[in-house]
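Open your viewer, pick a cartoon view, and get ready to click along. We will take the stops one at a time.

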Amino acid sequence: MEELVSLTAVTRTVRLPDDAELHILKGIDLAVHAGDHTAIIGRSGGGKSTLLNLIGLLDLPSTGEIRFLGEPVNHLSNNARARLRGESVGFVFQQFNLLPGRSALDNVITPLLYAKGSGFWRRRELAMEMLDRVGLSARADVLPNMLSGGEQQRVAIARALVRKPRLILADEPTGALDVETGQTVMALLDTVATESGSALITITHDSNVAALARACYRLEAGVLTAVDVPLRPGTPGAETSASDEAVGASAGAGA
Amino acid sequence: MTGLVSTIVEAWQELRINKTRILLALIGVALSVAALTTVVGMGNLVREGYKASSERNGGRSATLNLGVYGPTMPDPEKLSQAYRGIQERYGIKYSTNVSQAQHGFQFPNGVQDVQLHVVDPGYGVIHRIEVDHGSWFADSDEQRFAPALVVSETFYNAAGRPNLTTDPVVTLAGAQKTTAVIIGVVPDQYPYPGMPPSAYMLTGAAEKAGVTAGAYGMSSQFEIWVQDAQAESLQAAITADLQQQFPGMEAQANRGDYASHGDPFAMVQLAVGGIAGLVMLLGAVGMLNISMVTVRYRVREIGIRRSFGATSQRVFVGVMMESVVATAVAGVVGVMLAVAVVKNPWIESKIAPGLTEFPPFPLEAAMLGLGAAILVGALAGAIPALVAVRVKVIDAIRF
């Protein structure tokens, strides 16, 4: 299958105010292919967001190489990365991050404002189609503050997918939702991503979410290790709680 | 093409969403622009008014008054020959003799003394005389059998406001009983009640009519109109020239126009302009203040947009355009306010009482106001736009 993103020996180091160096990521190797559903689990402060920034072309590594669709991105300008990001990457955030004061439809239109050609000119139609796919076409004109948490995240998913990105990055997509709504939203994200043939990388510390992935990695103290995908809740042998311990136990078992 | 349209669409959407906040910021800018434009427009009006009345008195910039003084009066024939020589040698296009006289005129209700300005046709150009009816003297008027008169409004009223197309005549009182033709009417120089009638008559015609110039003990003057840049050098050359022709007497060539000591309004304009500039600065700071606060407030939103592919130029242009478009609109409103104030007839008549016809609202004042508004918008937009561009996407999203 076509390789979408690959990270080879990637490190990320920041200089602290006292001139000391903090190594956030250490020698990360990761390859994501078209259609993959990958979960990255780990505790807070483990470098998950930094890794997400690198995969999403929002940041550059200190050393190592990142390739996007086979092309190295280390030397691309900020604007070239922004364009590549707009065309190929869709983000789903923990706090939904819908633009306040704009209707659900306007929010879904936003990424299309940065598209070229028919993507821009047909923006309204494309956005409506996408809202329809997440089951919110009837709520198109409603402002985000009038939508429930689940609905807001569905709008965010529609927005992330409206430009048909090759890669969807979801940062704790269910973090602000109750367990049940979270599962519904995750199932939707999984289905829509599969239908679109997009790769999905989910960063989470919720084993229920990680259980939906086909591959799972654990990021701890800047080191990324492949682990077994946690079992879905309800299947024999699976943990019932959605805690870090469950993830840890499962990952530990696989390591 | 798509890039440009989409940038405009996005900026318009932003304007629409933030209209209340932008409107509030713009009231300040619109008022500042109105203040700036009003001050410049009024300054211009005052200057025009002053210039018009000064030009009627002392001539346009630069007018040189020539004269030769001594223990005895110089020979008039020799003097006028000397003046003619100067005119030819220095290529002077417009010149005039100016002397004052007083003469009785027969009006329907009796004889009245009229103040006569005895001049040449060039006087009309040098003093920018504007006639209300009829016309100013032409060179050929000197040859008329009946002398031509350009009379003041008071004179015209006393003569019963005859129709000028019928060549109305008035009679000069005295032994000769000369008949003169009124060819033009000018406004009274100082329109106050009881103003004595006055009239202009050509030098040649006055001689023929037996009008004695040099009333009030004032000798005749000779005025020439020269280019501003040449005034100083001509002044020196002509003085020396005359001095040589009239040894033992004192020759003079002085500037009599309003601009002879530099622009009398330069200081006032500078001071008023400075104040207007400060007002504008206050408006700009207010605008900048609001823009800065909103960018801080919008950091997260900018981060979200950037995660969806907005380039830094796009973010910069978006924030900037919002500011520039908005202040341009405020500028137009401000200029309209200023025009309404400055072109108000009551204000016009108070500010420039010397003017009979008010100049149109100065275009440069309107352009200055609009330009200042757009500049303020660009400056007030540039700083927050730079802040917006420097936002780190992930930090911004978690803001």
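Let's begin with chain B of this predicted model. Colour it by its domain assignment: domain 1 covers 2-55 + 263-397, domain 2 covers 60-92 + 226-257, and domain 3 covers 99-222. Taken over C-alpha atoms, the centres of domain 1 and domain 2 of chain B are separated by 52 Å.

**Stop 1: a residue in a helix of chain B**

Select helix α7 (residues 231-245) of chain B and find Leu242(B) in it. Is Leu242(B) buried or exposed? Leu242(B) is buried, with a relative accessible area of 0%. Now show its surroundings: not counting residues up to four places away in sequence, Leu242(B) touches Leu66(B), Gly67(B), Val68(B), Ala82(B), Tyr83(B), Ile86(B), Ala251(B) and Gln252(B). Next, select Ile397(B), which is 155 residues from Leu242(B) along the chain. Draw a line between their C-alpha atoms, and it spans 86 Å.

**Stop 2: a sheet in chain A**

Move to chain A and look for an open sheet of 4 strands, in the order β2-β1-β4-β5, with antiparallel pairing. Which strands stand at the edges? They are β2 (21-33) and β5 (71-72) of chain A; each has a single partner strand, so one side of each is left without a neighbour in the sheet. Select strand β1 (residues 3-15) of chain A as well, which 9 bridges join to β2(A). One pair to click on is Val14(A) with its bridge partner in β2(A), Leu22(A).

**Stop 3: a hairpin**

Still in chain A, select β9 (residues 215-220) and β10 (residues 223-227), an antiparallel pair with 5 bridges. These two strands form a hairpin with 2 residues between them. Glu220(A) has Val223(A) as its bridge partner. In the turn, Ala221(A) has a positive phi of about 50°.

**Stop 4**

Show side chains now. In soluble globular proteins, nonpolar side chains tend to be buried together. The largest nonpolar core here has 39 residues, and those with the most contacts inside it are Val108(A), Leu131(A), Val155(A), Ile157(A) and Leu189(A). At least two residues of this core come from each of α3 (104-109), α5 (123-133), α6 (149-161), β7 (167-171) and α7 (179-196) of chain A. Another core, of 37 residues, lies apart from it and includes Leu25(A), Ile66(A), Leu169(A) and Ile201(A).

Beyond its neighbours within four places in sequence, Val155(A) is in contact with Leu98(A), Ala104(A), Asn107(A), Val108(A), Leu131(A), Leu136(A) and Leu147(A).

How values were computed
Residues are numbered from 1 along each chain as its sequence is written. Chains are lettered from A and ligands numbered from 1 in the order in which they are written. This is a predicted model: local features need pLDDT of at least 70, side-chain atom pairs count only at pLDDT 80 or more; totals for chains, interfaces and linings use all residues. Side-chain values use heavy atoms; hydrogens and water are left out. Two strands pair if DSSP finds at least two bridges between them. Domain bounds come from an automatic or database domain assignment. A nonpolar core is a set of buried Ala, Val, Leu, Ile, Met, Phe, Trp, Tyr and Cys residues joined through side-chain atoms within 4.5 Å. Buried means under 20% relative accessible area, exposed over 50%, partly exposed in between (1.4 Å probe, protein chains only). Contact means heavy atoms within 4.5 Å.
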